[in-house]
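Please keep the structure open beside them and look for each residue as it is named.

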Amino acid sequence: MDLNTETSNGILVAAPEGRIDGINALQFQQALNGKIDDGVSGVVIDMSDLNYISSAGLRAVLLISKSLQQREARLVLCSLQAPIREVFQISGFDQIIDISEDRDSAIAAMDG
């Protein structure tokens, strides 16, 4: 799993590639948390290049979301491929974490 990040106007955009599973979920969580500083008002996780997420990966996303809530920052996921979207729907995570169709709408949702 590779994690590409960029920050613009206080919004951190993270784009994981490959898989987030039991082997690397903690690494993903720590890498992303390490990029979140006091200047970050929101995080967008662009999942367009993610082809698999396990329950450990879901847990990492949930813990990142809770950490951001404590900082009064938002988390929005975007560009979920059909199998990834299905995992979020089956688990009910789509009801507790904001999901946008694409990166632009996810960034726009930060203002809402």
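1. Buried here means under 20% relative accessible area, while exposed means over 50% and partly exposed lies in between, with a 1.4 Å probe and protein chains only. In a regular strand the side chains alternate between the two faces of the sheet. Five of the five residues of β3 (residues 42–46) are buried, so the strand is largely enclosed by the rest of the structure.

2. A word on how to read these notes: this is a predicted model, in which local features need pLDDT of at least 70 and side-chain atom pairs count only at pLDDT 80 or more, whereas totals for chains, interfaces and linings use all residues. Residues are numbered from 1 along each chain as its sequence is written, and side-chain values use heavy atoms, with hydrogens and water left out. Helices (H or I, at least four residues) and strands (E, at least two) are DSSP runs, numbered from the N terminus.

3. Which way do β2 and β3 run relative to each other, parallel or antiparallel? Strand β2 (residues 11–20) and β3 run parallel and are joined by four bridges; two strands pair if DSSP finds at least two bridges between them. As an example to find in the model, Leu12 has Val43 as its bridge partner in β3.

4. On its other pairing described here, β2 is joined to strand β1 (residues 2–8) by seven bridges, and these two strands run antiparallel. Leu3, for instance, has Pro16 as its bridge partner in β2. The hairpin of β1 and β2 has two residues between the strands, and in this hairpin Asn9 takes a positive phi near 55°.

5. Val13, which is found in β2, counts as buried because its relative accessibility is 6%. Leaving aside its neighbours within four places in sequence, Val13 is in contact with Asn4, Thr5, Glu6, Val44, Arg103 and Ile107, where contact means heavy atoms within 4.5 Å. The C-alpha atoms of Val13 and Leu3 are separated by 10 Å, and the two residues are 10 residues apart along the chain.

6. Turning to the helices, the axes of α1 (residues 25–35) and α2 (residues 55–70) come within 8 Å and cross at roughly 25°. Axes are lines fitted to C-alpha atoms, for helices over the stretch in contact, and angles run from 0 to 180 degrees between N-to-C directions. The helices α1 and α2 are therefore roughly parallel to each other, given that angles under 35 degrees count as roughly parallel, over 145 as roughly antiparallel, 65 to 115 as roughly perpendicular and the rest as oblique.

7. Which residues make the contact between these helices? From α1 come Ala25, Phe28, Gln29, Leu32 and Asn33, and from α2 come Ala56, Gly57, Ala60, Val61, Leu63, Ile64 and Ser67. Sorted by type, the residues of this contact are eight nonpolar, four polar and no charged, where Ala, Val, Leu, Ile, Met, Phe, Trp, Tyr, Cys and Pro count as nonpolar, Asp, Glu, Lys and Arg as charged, and the others, Gly among them, as polar.

8. Gln29, in α1, is buried, with a relative accessible area of 14%, and, not counting residues up to four places away in sequence, Gln29 touches Ala60, Leu63 and Ile64. Ser65, in α2, is also buried, with a relative accessible area of 8%; leaving aside its neighbours within four places in sequence, Ser65 is in contact with Leu75 and Ile97.

9. Finally, please check the loops. Most residues other than glycine have a negative phi, and most peptide bonds are trans. Glu72, in the loop between α2 and β5 (74–78), has a positive phi near 60° and is exposed, with a relative accessible area of 75%. Ser79, in the loop between β5 and α3 (82–91), has a positive phi of about 60° although it is not a glycine, and Ser79 is buried, with a relative accessible area of 17%.
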